[in-house]
Amino acid sequence: VATSATVSVVCDEATLTLTVSRDLFGTGHLAQASDLSLGVPACPVTGSDALAGTVTFLYALESCGSSLQMSAELLSYENYLYYRPTSNTGIIRTNYVAVPVVCRYPRKGNVSSNAIKPTWIPFSSAKVMQQQLSFTLRLMTDDWSVARPSTVYQLGQTLNVEASVQTVNHVPLRIFVVSCFATPVPDRNSPLSYQIISNS
């Protein structure tokens, strides 16, 4: 049986690197690289190290027939390393072997320190577009310390108007008041109105 000492896997954010000792069973019998493959359809060895006696498979996580399994906490890419000996010679006999290969990732958070590629519409822009901004228009006292308790004014009296917006996580905004008028009754459609601010 192949062991973790003869098969190792490194999982990156988009690829897996599988390193396999050609002495797969620790018996001194070296497997032929052509007898080893990853998944179905069979993906062949992509590299070898004669000095270390290893072969390497480097493939995208979703290639070579890999299956994606999801749980509440993890994403798992599952596949198999296959050893299919093409010849049995002498007294050393080897059999067909399938070794499970799994890469697991937490479903929350980034799996590496690499930058995340933005989508066509960056998330921050989409978030800002959905965010509701809260505007406030208040009449203030002459010293600007508190909101004025009364909305009744005499003609010619100065109005102190405070306009504000709560930005929360939004970039700072500047407010422009295009127009403002007063009416004798709280009805914006009143036939009698007095222009206070007019920008055209």
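One cavity of 30 Å³ or more was counted, where a cavity is a set of points, on a 1 Å grid over the protein atoms alone, at which a 1.4 Å probe fits but cannot get out. The structure is a predicted model, in which local features need pLDDT of at least 70 and side-chain atom pairs count only at pLDDT 80 or more, whereas totals for chains, interfaces and linings use all residues. Residues are numbered from 1 along each chain as its sequence is written, and side-chain values use heavy atoms, with hydrogens and water left out.

The largest cavity has a volume of about 30 Å³, a volume being the space filled by probe spheres set on the grid points, which are joined across faces, edges and corners. Its lining, defined as residues with an atom within 4 Å of a point, consists of Leu 16, Leu 61, Ser 66, Tyr 77, Glu 78, Asn 79, Val 101, Val 102 and Cys 103. Strands E7 (74–83) and E8 (97–106) each give two or more residues to this lining; strands are DSSP runs (E, at least two residues) numbered from the N terminus. By class, six of the lining residues are nonpolar, two polar and one charged (Ala, Val, Leu, Ile, Met, Phe, Trp, Tyr, Cys and Pro count as nonpolar, Asp, Glu, Lys and Arg as charged, and the others, Gly among them, as polar).

Cys 103, in the cavity lining, also takes part in one of two disulfides, a disulfide being a pair of cysteine sulfur atoms within 2.5 Å. Its partner is Cys 11, at an S to S distance of 2.0 Å. The pair connects strand E1 (residues 7–11) with strand E8, 92 residues apart. Cys 103 is buried at 1% relative accessible area, while Cys 11 is partly exposed at 27% (buried is under 20%, exposed over 50%, partly exposed in between; 1.4 Å probe, protein chains only).

The other disulfide joins Cys 43 to Cys 64, with S to S 2.1 Å. Cys 43 lies in the loop between strands E3 (36–38) and E4 (47–49), and Cys 64 in the loop between strands E5 (54–60) and E6 (67–70), 21 residues apart. This link is left-handed, with -110° about the S-S bond, and both cysteines are buried. Counted along the chain, the bonded cysteines follow the pattern 1-4, 2-3.

How values were computed:
On a 1 Å grid over the protein atoms alone, a cavity is a set of points where a 1.4 Å probe fits but cannot get out, and a pocket is an open set with protein on both sides within 12 Å along at least five of seven lines; lining residues have an atom within 4 Å of a point. Helices (H or I, at least four residues) and strands (E, at least two) are DSSP runs, numbered from the N terminus.
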